Amino acid sequence: MNRKDVLDLDDFTAEEIALVLDTADAMKEVLSRPIKKVPPLRGKTVVILFYESSTRTRVSFELAAKNLSADVVNITASTSSVAKGESLVDTIRTLQALGADMIVIRHSQSGAPYLVAQHLDGSVINAGDGWHAHPTQALLDMYTIRERLGRIAGLSVVIVGDVLHSRVARSNIWGLTKMGAKVTLCGPPTLLPVVSKNGCRGDLPEVTVEHDIDKALSGADVVMGLRIQKERQEGGLLPSLREYVQLYQLTRDRIARAKPGALVMHPGPMNEGIEIAPDVAYSTQSVIENQVSNGVAIRMALLYLLAGHRSKQI
Ligand code: CP
């Protein structure tokens, strides 16, 4: 992987995505060992800088960096000098002066990781920025699909819910289409991006839009639910959560329209009973917990590749 940073998947090639997924296979083998610690990042300092709350992404990056023997520093904005008014650029300059080799950043402002990448000599990984991108989530989603179904190319993947405000959906649209999947977006018109008749929008690759969930799920290989953010109703984008549940909740009956053995996915955190029924979230078709576990292997793979390593023998 010939890049300094991982900011989104729009500038990844299919070959680069495949390299990350293959390297994650090697990391899964490391994670199956009794002692999971290996030396590739010994002497490197990884700073995990989160300006927004997180459980899965923050913990899995910390585990990934520690498994690779990096020194890990966790910073939350509320307890750093950010709370005293320090700017993002000054924070990055300070962390560089303190010896940060890599920074993993989550920020509520779309584009913040790009600014960080301009000011840090080392690598920057986007752990989610505003509504824009969440590339490591999309990579672990693709890894989980490939692990379960053996391929990504040719699969029908339906993303249901608040696509418009979802950084996970956006990165998945880029990654999945580059890997040859057919992506359908489903949800109320107010929560979907506007696409032209051929499915293209200036900043998105070609996708299909289907507002009728029964049609969208028919024959799907993968169904990916997204969190419905309650503030969307307050913002007037949803008449009521009850109506959303009636029209778009992932229920057992709706999932039955997908192919037998179709995967049910969700990036988390879930609003059980809103976008997904609990019996679907915990069904045998659900791979939601596998997604969380695979997050460690994918993030190990990215840290390993960005540090310049290539060998699959770790
Ligand atoms: N999927 C995801 O980004 O979850 P967290 O907000 O818990 O990191």
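In strand S4, Val124 is the bridge partner of Ile103. Helices (H or I, at least four residues) and strands (E, at least two) are DSSP runs here, numbered from the N terminus. Between S3 and S4 the chain passes through helix H4 (residues 112-119), and this β-α-β crossover is right-handed; that is, with the strands pointing away from the viewer, the path from the first strand over the helix to the second runs clockwise.

Before going further, keep in mind that this is a predicted model, where local features need pLDDT of at least 70 and side-chain atom pairs count only at pLDDT 80 or more, while totals for chains, interfaces and linings use all residues. Residues are numbered from 1 along each chain as its sequence is written, and side-chain values use heavy atoms, with hydrogens and water left out.

Back to S3. Five bridges tie it to S4 (residues 123-129), and the two run parallel. S3 also pairs with strand S1 (residues 45-50) in the parallel sense, again over five bridges; two strands pair if DSSP finds at least two bridges between them. On that side, Phe50 sits opposite Arg106 of S3. How many of the six residues of strand S3 are buried? Six of the six residues in S3 (residues 102-107) are, so the strand is largely enclosed by the rest of the structure. Buried means under 20% relative accessible area, exposed over 50%, and partly exposed in between (1.4 Å probe, protein chains only). Met102, Val104 and Arg106 point one way from S3, Ile103, Ile105 and His107 point the other way, and all are buried.

Now for the domains. In terms of contact (heavy atoms within 4.5 Å), 29 residues of domain 1 meet 26 residues of domain 2. The area buried between the two is about 2200 Å², with carbon and sulfur atoms giving 59% of it; this is the accessible area (1.4 Å probe) that two parts lose on being put together, summed over both. Leu21, Trp131 and His134 supply 32% of what domain 1 buries against domain 2, more than any other three residues. The interface also holds four salt bridges, each a side-chain nitrogen of Lys or Arg within 4 Å of a carboxyl oxygen of Asp or Glu. Elsewhere on the salt-bridge list, Arg146 pairs with Asp22, with the closest N and O atoms 3.0 Å apart.

Next comes another sheet. Five strands form an open, parallel sheet in the order S7-S6-S5-S8-S9. Strand S7 (208-209) and strand S9 (263-265) stand at the edges with a single partner strand each, so one side of each is left without a neighbour in the sheet. Strand S5 (residues 156-160) runs parallel to strand S6 (residues 182-186), joined by five bridges, and it pairs with S8 over four. Val158 stands opposite Thr184 in S6 and opposite Val223 in S8.

Most residues other than glycine have a negative phi, and most peptide bonds are trans. Ser69, though not a glycine, has a positive phi of about 75°; this residue is in the loop between helix H2 (56-67) and strand S2 (71-76). Gly268 and Pro269 are joined by a cis peptide bond, with omega about -5°.
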